[in-house]
Structures are given as C-alpha cells and as structure tokens.
Amino acid sequence: EYASPHELAELMGVTAKDIIQKCFALGKFVTINQRLDKESIELIALEFGYEAEFISEVEATAVIAEEDAEEDLQTRPPVVTIMGHVDHGKTSLLDYIRNSNVVAGESGGITQHIGAYEVTVDGNRKITFLDTPGHEAFTAMRARGAQVTDIVILVVAADDSVMPQTIEAINHAKAAGVPIVVALNKIDKVEANPEKIKTQLSEAGVLVEEWGGEYQCQEISAKKGLGISELMGKVLTEAEMRELRGNYSAEVPASGIIVESELDKGKGVISTVLVQRGFLKVGDPFVAGNTLGKVRAIMDERGKRIPSAGPSQPVMVLGFEDLPQSGDVLTVMVTDREARDLAQKRQVIRREHDFRRSTRVKLDSIARQIKEGLMKELSVIIKADTDGSIQALADGLMKIQNEEVKVQIIHQGVGQITETDVLLAAASDAIIIGFRVRPNVNAKKLAEKEDLDVRFYSVIYHVLEDVEKALEGMLSPEL
Ligand code: GDP
C-alpha cells in the first residue's frame with residue numbers, strides 16, 4: 001500500500017493525468033486515488049527523472065532528485081567555509097573580506113549577520129561565504145544531510161603551528177570530499193614561519209602546490225589585508241576546476257538550504273536561505289523541513305529588498321510559519337495547497353518513523369551490508385589516550401584486509417570523544433572507537449540520539465579482533 005497517482009503527482013510536480021498515462025504505458029490501469037505498488041512507483045518515478053525512496057512502509061514519498069536539463073546549467077559562484085584552529089584568524093579574515101567589499105553608495109555595507117554573504121571580486125566574479133567559521137557548523141549541516149560548502153579555506157597562523165583543530169578541519173573537509181585552499185595567516189608578524197607550517201601541513205596530508213602537491217596555498221595577513229585578493233583568485237581557480245554549475249532556469253521550482261533562522265518579535269521567522277537551484281521569488285509557496293510558508297519578502301545581506309534570488313545567492317527570507325532547522329531543504333511548490341499537504345505528510349512520516357535510525361552503520365551488521373554490496377568502505381574515527389596508541393591502532397587497522405571492504409580512518413586524535421567527533425561520524429556514516437577514553441556528556445547524549453556505534457576498548461588486540469570479526473559477519477551486537 002503506497003502512494004496514489006494523485007499523491008505521486010504532487011510529490012513530483014506533474015499532473016495526476018501524466019502519472020495515469022505512464023501507468024497505462026506500463027500496462028497498469030489505475031484510478032487517481034488507487035494505491036500503487038512499490039515497483040510501479042519506482043518505475044514511474046524513474047520515468048519522471050526521480051529516484052523513489054520509501055521513507056515509511058505506510059506512506060511513500062519521493063525524494064527530490066530531479067535532473068537538471070543541460071541547457072539550464074550555468075557556472076555559479078562557489079560557496080566557501082573558513083576553517084582552522086581557534087585564534088588563527090578565521091573571524092578576522094571573514095571580517096576583512098566583508099568590510100572590503102562594501103559597495104560604494106550602499107549605506108553601511110553588510111551590517112547584518114545573516115549567516116552568509118556574497119562578495120564581488122575583480123568587478124564581476126562572485127564568491128559566497130558562510131559566515132559561521134569552523135568545522136562544527138559545517139559538519140552539523142552535513143549530519144543533517146546538507147552539503148552546501150564547495151571549497152574550504154583552511155586558515156593556519158604562520159607564527160604558530162598546525163594545531164589539533166587544524167587537523168580536525170582537514171579531516172572534516174576531506175571526509176566531505178571538499179577541496180581545501182590553504183591561507184597562511186599573520187604573515188605580517190616577525191615570528192611568522194610559513195615554511196615550518198607547510199612542512200607540518202604535509203605531515204598532516206596536505207602537500208601544497210609549490211612542493212608538488214595538489215593544495216593551493218597563499219600567505220596572507222587578515223589584519224593588514226595582505227594577500228587577500230590573491231587568496232580570492234585561488235578560490236576562484238579552484239571553483240573553475242570543479243566546474244560548479246547551477247540551474248538558472250526561471251521555470252524550475254526553486255530549492256535551497258536553510259543556513260540559519262531566528263524569531264523576530266515584529267517580523268516573525270527570519271531565515272537565511274542559500275538558494276541552490278532555480279530562482280526563489282516573492283510569493284512562492286514552499287515547504288522547508290517540517291514547516292512551510294509563502295515567501296513574503298526576500299532581502300540581501302544589506303537588508304535591501306529584492307524580488308528573487310538564484311543559485312549560490314544567500315538571502316534572508318520572510319514568510320515561514322515556523323522555525324526551520326539549519327540544513328533543512330526549502331522546496332518551492334506550485335500551490336499553497338500542495339505545500340500544506342506535503343508538510344503535513346512529512347510531519348506524519350517523521351512522527352511515525354525515524355528513518356535515520358535504521359540506516360546507521362553498525363559494526364555488528366556491516367557484514368550483511370558488505371554482502372549486499374551496499375558497503376565498500378568502513379569509515380572509522382579513533383580517539384585514544386596517546387599518540388602511541390593511535391599509531392598502533394591505525395597500523396593494525398590498515399593491515400586488516402578484506403576482499404570486499406577496506407577500513408578507512410577518517411579522523412584520529414588524542415583525547416575525549418567530543419560532540420564534533422559524533423557529528424563527523426553521523427555525517428560520514430562512521431563508527432567511533434574510543435581507546436582508553438570516554439565521550440564527554442554532550443557527545444554521549446548526541447551519540448544516543450543519532451544512534452551511532454561507539455565502542456570502547458583498552459586492549460589493541462580486541463579492537464582489531466572485533467573489526468576483523470565484523471567484516472566477516474561474526475560479531476554479536478553490543479549489549
Ligand atoms: P579565530 O578564533 O580563528 O576567529 O581568530 P580571530 O580572527 O579572532 O583572531 C585571533 C587574534 O589574532 C586576534 O587578536 C586578531 O586580531 C589576530 N589576528 C588575526 N589575523 C591576524 C594577522 O593577519 N596578523 C596579526 N598580527 N594578527 C592577526
């Protein structure tokens with residue numbers, strides 16, 4: 001018992017008549033409110049360029065995966081997140097870029113913090129910056145299923161060293177498959193030693209271009225404004241190599257990602273939306289996560305009202321009924337009615353079914369997933385008491401070879417298991433191994449909520465034995 005032609009039509013933005021005709025073509029004679037079987041829905045969804053995903057056994061719904069028509073695709077600006085260790089200059093860099101980009105005549109420039117802003121480089125090329133520096137926000141969004149960042153700028157203070165959070169940032173960016181451009185900051189200081197940092201970065205797996213690596217690197221001073229335009233140039237080069245494109249058709253229903261939201265006493269919910277597809281327009285009805293609304297106003301980062309916003313453009317949007325969450329997808333619907341129906345459906349589905357729970361990677365069930373060909377790589381995060389333990393564990397794990405699956409250590413570090421580790425695991429479908437360390441209180445709560453596999457050991461041999469057994473499907477569930 002799944003969706004009817006009527007419901008499917010609504011989900012995919014086509015008419016029920018289209019669906020019924022497709023059914024006929026497939027040899028099935030159906031009426032508008034008749035329930036279809038799973039196979040038919042999968043076939044029909046494919047016909048319309050969607051992939052059906054069955055979120056609950058009671059109610060079927062399609063996940064938006066509509067293909068873009070080639071002729072609608074155009075180059076879009078890159079979306080950048082700045083990461084790095086605390087005090088290495090992330091905020092200073094964001095501030096410098098924001099302030100140096102005040103358009104002449106624009107009163108006050110970018111005054112509001114809206115979570116993202118767009119700057120113009122070389123007169124006509126744009127870059128969008130997410131205004132929440134750090135890898136925590138980045139990975140929290142990913143854990144919710146939203147990947148918005150195209151390029152990471154990794155800030156390292158040249159008068160300091162590669163620090164634990166530098167390593168975390170590198171691993172979070174790599175786990176997400178997002179390219180890194182290195183900014184060696186505080187170059188104005190006499191103690192600055194960029195060569196030392198480059199050496200340390202190479203040891204952390206980031207070999208800069210001038211040393212034969214693949215990572216672009218720029219010496220800057222966020223405080224003095226040195227090297228910033230060169231850095232922007234390198235970001236744009238990276239963007240060009242990635243051939244970032246967006247759908248600029250005025251016809252497709254727009255969609256975007258919620259960056260952040262707040263409740264304003266006078267205006268109601270104000271949400272920063274990063275448009276990803278099409279043009280979001282005033283008057284558009286939409287759903288966003290569990291809430292919905294109708295676009296009442298769109299404003300740019302200067303608070304100026306604009307009629308519409310396209311790919312990679314961050315804007316403030318008014319008109320939400322309720323607060324959406326960061327990382328929620330906003331999807332424009334054809335009518336208010338459709339928006340309301342879909343939002344209601346989603347609420348029912350979420351209440352009934354926490355579908356994320358069943359999809360988590362668990363050490364005791366991976367053998368089945370390997371067998372079914374669903375898994376090729378077991379991602380692992382190691383937190384341990386000493387560098388020595390980490391090294392020994394990593395060496396041991398890398399040696400465990402299995403024909404079908406390989407073990408990939410996406411992050412390792414000395415110290416407690418933190419919330420950030422849990423987020424990374426959630427975002428990357430990884431398991432966490434705690435070696436002679438425990439999680440802190442918040443990490444423990446989050447791991448329970450996210451239903452993640454966190455295992456604790458104090459003997460290296462036991463870790464290796466468990467992973468080996470898991471790959472062979474012989475491990476019994478953790479009690
Ligand atoms: P964040 O924690 O990474 O956001 O770092 P901040 O941007 O807050 O910078 C930390 C400190 O370093 C502040 O006191 C800044 O003024 C200083 N700082 C940042 N960039 C530079 C720079 O290029 N040169 C110098 N000399 N100081 C800088």
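**The ligand shell and the sheet**

Modeller: The shell around the ligand comprises two nonpolar, seven polar and six charged residues (Ala, Val, Leu, Ile, Met, Phe, Trp, Tyr, Cys and Pro count as nonpolar, Asp, Glu, Lys and Arg as charged, and the others, Gly among them, as polar). This is a predicted model, in which local features need pLDDT of at least 70, side-chain atom pairs count only at pLDDT 80 or more, and totals for chains, interfaces and linings use all residues. Residues are numbered from 1 along each chain as its sequence is written, and side-chain values use heavy atoms, with hydrogens and water left out.

Colleague: Which residues come nearest to the ligand?

Modeller: Of the 15 residues around the ligand, those are Asp-87, Lys-90, Thr-91, Ser-92 and Asp-188 (near means a heavy atom within 4 Å).

Colleague: And which helix gives the most to that shell?

Modeller: Helix 4, residues 90–100, with three residues (helices are DSSP runs of H or I, at least four residues, and strands are E runs of at least two, numbered from the N terminus).

Colleague: How far is the backbone N or O atom of Lys-90 from a ligand oxygen atom?

Modeller: The distance is 2.9 Å for Lys-90, and 3.0 Å for a backbone N or O atom of Ala-222.

Colleague: Now the sheet: in what order do the strands come?

Modeller: Six strands form an open sheet in the order 5-6-4-7-8-9, with mixed pairing (two strands pair if DSSP finds at least two bridges between them). Strand 5 (116–121) and strand 9 (217–219) are the edge strands, each pairing on one side only.

Colleague: How do strand 4 and strand 7 run?

Modeller: Strand 4 (residues 79–84) and strand 7 (residues 151–157) run parallel, joined by five bridges. Met-83 stands opposite Leu-154 in strand 7.

Notes: Polar contact = N/O pair within 3.5 Å; in protein donor to acceptor, adjacent residues only side chain to side chain.
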